[in-house]
Amino acid sequence: MATAPKEAENAIGLEEIHTEGKEPPKGQKTFTVEEAVETIGFGRFHIMLFLIMGSTGMVFFGYMVFSIVLGLLADRYGRWKILLLSFLWAAYFSLLTSFAPSYIWFVFLRAMVGGGVSGHAQGLIIKTEFLPTKYRGYMLPLSQVFWLAGSLLIIGLASVVNPSVGWRWLIRIASIPGILLILVFKFIPESARYNMTTGNTAVALATLQRIARMNGVAMPEGQLREPAKERRGRFKDLIHPKYLRTTLQIWIIWLGIAFAYYGVILASAELLEWDLVCGSVAPPLQDSGDDSEESHSPCHCHFFGPAAYQTMIISTVGEIALNPVNLLSINLLGRRLSLCITMGCTALFFLLLNICTSSAGMVGFLFVLRALVSANFNTIYIYTAEVYPTTVRALGMGTSGSLCRVGAMVAPFISQVLMSASFIGALCLFSSVCIVCAISAVTLPIETKGRALQQVK
């Protein structure tokens with residue numbers, strides 16, 4: 001069995017070791033990365049990987065622009081390199097944002113932050129490519145816990161920092177976790193599946209051996225078998241006849257889910273500000289006699305009070321309320337049917353927002369909606385990472401993420417413009433989009449539940 005030199009083992013994922021493919025002697029046992037991953041199983045390595053990869057954020061335009069580019073680069077040059085670059089990039093521009101001298105600079109720098117954040121999806125891909133098949137459906141949804149923790153942390157920080165020292169210090173403090181994560185990147189190895197597609201068998205083997213030692217298990221017997229070589233990161237592979245229908249339907253679903261997700265978040269703010277209870281309308285703005293800069297703002301912006309932060313915390317917790325049910329659903333019913341059901345329920349609850357109810361009832365509907373749209377995101381992230389082969393997995397996720405940001409950027413116009421003109425019209429539009437996504441989900445041609453990750457097309 002070929003083994004990596006000590007130097008290569010100490011720099012897993014940092015340097016490439018190219019080895020010529022040699023046929024093993026007749027009669028000698030061989031194994032694939034898939035078989036090694038399944039044999040190694042789940043253990044301390046995976047727990048540490050999930051703890052490190054638990055925190056990301058979203059800035060729409062930058063994300064949309066750079067998502068495809070970084071996905072393509074990750075398929076061609078490695079997930080680890082792009083992931084590290086994205087963390088450095090996001091941390092750097094996030095800190096610069098806190099020193100923005102004008103609104104124009106603020107918008108530009110936040111867009112650059114979004115460009116860096118778009119590469120964080122490589123963390124999900126690395127986790128997907130290292131997890132055994134039977135654990136993917138259970139462990140990947142738990143990543144949502146980190147999203148919830150980060151959301152609650154930023155809300156808590158904002159409630160304390162904004163009123164006291166301002167938003168600039170909020171951004172600086174919020175940048176600290178991302179900077180600290182960079183310090184533990186040495187632990188994260190390059191994907192063994194990716195290294196096999198590049199012919200770096202020795203590095204792939206060293207990575208698998210390292211994980212096996214951490215998990216306290218033995219490697220499969222025999223020699224690591226190389227897959228057939230294919231070019232990586234090609235757009236035409238996404239629209240290859242084998243994946244064309246899947247790709248088009250995934251794009252529709254990603255766009256629709258983001259449209260619904262951010263629509264719920266923005267609609268929540270509108271509904272709670274208007275206090276729409278039993279058809280009441282928003283009270284007209286009163287002239288308080290305040291001659292401050294804020295009072296003359298054309299946006300009528302106001303600082304959040306304690307009640308607003310409390311409502312945000314309640315609705316944010318809703319994002320994980322259905323996580324146990326979603327976790328069981330995607331493993332028992334499969335990814336397609338589970339996504340179809342949650343999208344259908346999302347469509348229904350959008351319409352229920354028009355029901356005459358109390359403030360508590362409205363918050364309850366919004367709570368369930370946040371749980372449903374979060375479950376939708378959960379499922380489509382897992383499905384997209386599982387359905388494509390290693391040679392285009394990052395690109396597939398990147399193009400999907402880009403379409404996702406299109407939906408996210410359209411949502412504000414519906415939530416804050418159309419909703420003001422026609423409340424029921426906006427709700428019907430959100431509901432209709434969710435129904436289209438539900439149909440697209442249930443008719444996806446490939447079910448990934450229990451399916452081994454494909455190495456090549």
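This is a predicted model: local features need pLDDT of at least 70, side-chain atom pairs count only at pLDDT 80 or more; totals for chains, interfaces and linings use all residues.
Let's start with helix α9, which runs over residues 144–164. From first C-alpha to last, its 21 residues reach 30 Å, close to the 30 Å expected at 1.5 Å a residue. The helix still has a bend of about 35°, found at A158. A158 is also one of the buried residues of α9, a list that includes Q144, L148, S151, I155, L157 and V161 as well. In general, an α-helix has 3.6 residues a turn, so residues three or four places apart point the same way. After α9 comes G166, whose phi is positive, near 95°.

N323 lies in helix α17, residues 323–332. Is N323 buried or exposed? Its relative accessibility is 5%, and buried means under 20%, so N323 counts as buried.

Now for the nonpolar cores. The largest has 73 residues, and W254, F350, L353, F377 and M397 touch the most other members. Helix α19 (residues 359–387) gives the most to this core, with 13 residues. Take a look at W254: beyond its neighbours within four places in sequence, its contacts are F377, I380, Y381, T384, M397, S400 and C404. A second, separate core has 28 residues, among them W80, A91, F130 and I182.

Note on methods:
Residues are numbered from 1 along each chain as its sequence is written. Side-chain values use heavy atoms; hydrogens and water are left out. Helices (H or I, at least four residues) and strands (E, at least two) are DSSP runs, numbered from the N terminus. The expected span of a helix is 1.5 Å times one less than its number of residues. The bend at a residue is the angle between axes fitted to the seven residues ending there and the seven starting there. Buried means under 20% relative accessible area, exposed over 50%, partly exposed in between (1.4 Å probe, protein chains only). A nonpolar core is a set of buried Ala, Val, Leu, Ile, Met, Phe, Trp, Tyr and Cys residues joined through side-chain atoms within 4.5 Å. Contact means heavy atoms within 4.5 Å.
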